[in-house]
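I opened this notebook to record what I looked up in the model, entry by entry.

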Amino acid sequence: MRRWCEDRSTRPGATVALETLWALARSWYDDRLELGWRRRTPPERQALLDAVGLTGPFWSLTP
Amino acid sequence: MGDRGDPPVAGERAELAGRVRQHVYRWFADTGRAPSPVELARAFELTPSQVEHVLEELATGADALVLLPGSSYIWMAEPFSAVPTSFLVGSGERRWWGNCIWDALAILALLDVDGWVATACPDCGDELRVEVAAGRVAGEGVAHFAVPARDWWRSIGFT
């Protein structure tokens with residue numbers, strides 16, 4: 001991952017375990033097929049990230 | 001939408017947009033690809049211009065779809081991609097493209113099916129495969145997020 005970032009002159013971001021990503025994928029999209037779907041608000045999305053342990057500055061949706 | 005010559009009222013527009021959005025998602029789920037504007041027009045008995053308005057509303061107003069720049073063709077209905085990506089998703093005989101590993105896993109979660117995600121290490125090129133069975137994920141590796149969360153929607157195609 002470090003080599004990939006160096007090749008692209010980009011700083012390393014954050015790594016996430018597949019189990020955590022799976023949990024996030026399930027919650028993030030759980031309502032997507034519903035007729036009344038609307039995009040979640042930033043606080044609602046932040047709560048989903050928090051719920052799977054993705055906290056801290058990198059995971060903050062607000063500047 | 002009432003008579004085709006009359007502009008629809010706001011409530012009717014929103015209701016139609018919601019039904020079109022859901023139809024797009026079901027189409028992706030069933031076929032692995034996006035419906036074309038012509039297919040949407042036929043399904044909802046709309047004119048091409050009306051379909052363009054609905055798709056534009058879904059893309060910019062509701063932030064529900066991503067269109068190919070300068071067109072009415074659907075690029076993404078997250079987590080589905082209409083174009084081939086590095087993340088092929090499979091379940092039985094069905095195939096889809098995910099926009100990223102998160103979206104690829106989300107396709108299986110959204111459809112509540114067992115399946116797999118095939119991709120390759122972006123550094124060494126080795127094939128990577130993630131399996132999902134009975135609601136659990138198995139596979140090697142971690143996912144790297146290069147873009148901080150606050151910038152995800154700055155350029156969704158790049159993210």
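Entry 1, a term. I take helices (H or I, at least four residues) and strands (E, at least two) as DSSP runs, numbered from the N terminus. With that in hand, I placed B:Ala134 in the loop between β7 (127-133) and β8 (136-139) of chain B. I note that this is a predicted model.

I looked up phi for B:Ala134 and found a positive value of about 50 degrees, although the residue is not a glycine. Most residues other than glycine have a negative phi.
I located B:Glu45 in the loop between α2 (37-44) and α3 (48-61) of chain B. B:Glu45 has 9 C-beta neighbours inside 10 Å and therefore counts as exposed.

I checked the bond joining B:Glu78 and B:Pro79 and recorded it as cis, with omega at about 15 degrees. Most peptide bonds are trans. B:Pro79 belongs to the loop between β2 and β3 of chain B.

Entry 4, chain B as a whole. I counted four helices and nine strands in chain B. Read from the N terminus, the order of elements is α-α-α-β-β-β-β-β-α-β-β-β-β. Along the principal axes, the C-alpha atoms of chain B fill a box of roughly 55 × 35 × 20 Å. Chain B has 159 residues, of which 30% count as buried. Among contacts in chain B with a separation of 6 or more, 33% are between residues 24 or more positions apart.

I noted domain 1 at 10-77 and domain 2 at 80-151. Their centres, taken over C-alpha atoms, are 24 Å apart. Nine residues of domain 1 of chain B are in contact with nine residues of domain 2 of chain B. On the domain 1 side, α1 (10-31) and β2 (74-77) of chain B each supply at least two residues. I asked which element gives the most to that side. β2(B) does, with four residues. By class, this side of domain 1 has seven nonpolar residues, one polar and one charged.

I traced β4 (residues 87-91) of chain B against β5(B) and found antiparallel pairing over five bridges. B:Ser91 stands opposite B:Arg94 in β5(B). The hairpin of these strands has two residues between them, and B:Gly92 there takes a positive phi near 60 degrees. Strand β3 (residues 80-81) of chain B also runs antiparallel to β5 (residues 94-98) of chain B, joined by two bridges. In that pairing I recorded B:Gly98 as the bridge partner of B:Phe80.

I found 31 residues from chain A and 30 residues from chain B in the contact. On the chain A side, α1 (2-7), β1 (14-17) and α2 (18-28) of chain A give two or more residues each. The largest share, eight residues, comes from α2(A). The chain A side divides into 20 nonpolar, six polar and five charged residues. I also followed β1(A), which pairs with strand β9 (residues 142-145) of chain B in the antiparallel sense over four bridges. A:Thr15 has B:His144 as its bridge partner in β9(B).

Note on methods: Residues are numbered from 1 along each chain as its sequence is written. Chains are lettered from A and ligands numbered from 1 in the order in which they are written. This is a predicted model: local features need pLDDT of at least 70, side-chain atom pairs count only at pLDDT 80 or more; totals for chains, interfaces and linings use all residues. Domain bounds come from an automatic or database domain assignment. Two residues are in contact if their C-beta atoms, placed from the backbone, lie within 7 Å. Ala, Val, Leu, Ile, Met, Phe, Trp, Tyr, Cys and Pro count as nonpolar, Asp, Glu, Lys and Arg as charged, and the others, Gly among them, as polar. Two strands pair if DSSP finds at least two bridges between them. A residue is buried if 20 or more other C-beta atoms lie within 10 Å of its own, exposed if 12 or fewer, and partly exposed in between; C-beta atoms are placed from the backbone.
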